[in-house]
Amino acid sequence: MKENKLVEIWGDVVAIRSLVLAISFSSFSTMGAFFLAPADDKTKQLFFGLVGALIGFIVSSVVIKPKRVITDAVEANEQHLTQQGVNDE
């Protein structure tokens, strides 16, 4: 079985592989867009860099899927009680 290496960042646990992929996508798209801007116009360089960062974020969110399963505590408790044969009646 493949073992996932995990790291805690800002109170959240993430897979190192996913983190490196997201940083790579964002870095390459940001710097790529920045270098496409005209060298003599700092405003366009900033704008292109921001658009590149947005593109990197979108690509990361599409490529890297969440691995977390969220269940409602009330729903989980009702399912547990149902499995135990307990009714509210």
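The largest pocket here is lined by 19 residues, and Val14, Ser18, Ile64, Lys65 and Pro66 are the ones nearest its centre. Strand E2 (12-15), helix H1 (16-36) and H2 are the elements that each give two or more residues to that lining. Keep in mind that this is a predicted model. The chain has 89 residues, with buried ones making up 12% of them, and its elements run β-β-α-α-α from the N terminus on.

**The pocket**

- If you want a number for the volume of the largest pocket, it comes out at about 560 Å³.
- Sorted by class, the lining of the largest pocket splits into 9 nonpolar, 6 polar and 4 charged residues.
- Val14 is one of the residues nearest the pocket's centre, and Val14 also turns up in the strand pairing, where Val7 stands opposite it in E2.

**The hairpin**

- Strand E1 covers residues 6-9 and runs antiparallel to E2, with 4 bridges joining the two.
- E1 and E2 make a hairpin with 2 residues between them.
- One of those to look at is Trp10, which sits in the turn and has a positive phi of about 50°.
- Ile9 has Asp12 in E2 as its bridge partner.
- Val7 has Val14 of E2 opposite.

**Gln45 in helix H2**

- Helix H2 spans residues 42-63, and Gln45 is part of it.
- Is Gln45 buried or exposed? Its relative accessible area is 9%, and the cut-off for buried is under 20%, so Gln45 counts as buried.
- The Gln45 side chain makes a polar contact with the backbone oxygen of Ala39, at 3.4 Å.
- Leaving aside residues up to four places away in sequence, Gln45 touches Phe34, Ala37, Pro38 and Ala39.

**The chain as a whole**

- You get 3 helices and 2 strands in total.

Notes. Residues are numbered from 1 along each chain as its sequence is written. This is a predicted model: local features need pLDDT of at least 70, side-chain atom pairs count only at pLDDT 80 or more; totals for chains, interfaces and linings use all residues. Side-chain values use heavy atoms; hydrogens and water are left out. Buried means under 20% relative accessible area, exposed over 50%, partly exposed in between (1.4 Å probe, protein chains only). A polar contact is a pair of N or O atoms within 3.5 Å; within protein, one must be able to donate a hydrogen and the other to accept it, and residues adjacent in sequence count only if both atoms are side-chain atoms. Contact means heavy atoms within 4.5 Å. On a 1 Å grid over the protein atoms alone, a cavity is a set of points where a 1.4 Å probe fits but cannot get out, and a pocket is an open set with protein on both sides within 12 Å along at least five of seven lines; lining residues have an atom within 4 Å of a point. Grid points are joined across faces, edges and corners, and a volume is the space filled by probe spheres set on the points. Ala, Val, Leu, Ile, Met, Phe, Trp, Tyr, Cys and Pro count as nonpolar, Asp, Glu, Lys and Arg as charged, and the others, Gly among them, as polar. Two strands pair if DSSP finds at least two bridges between them.
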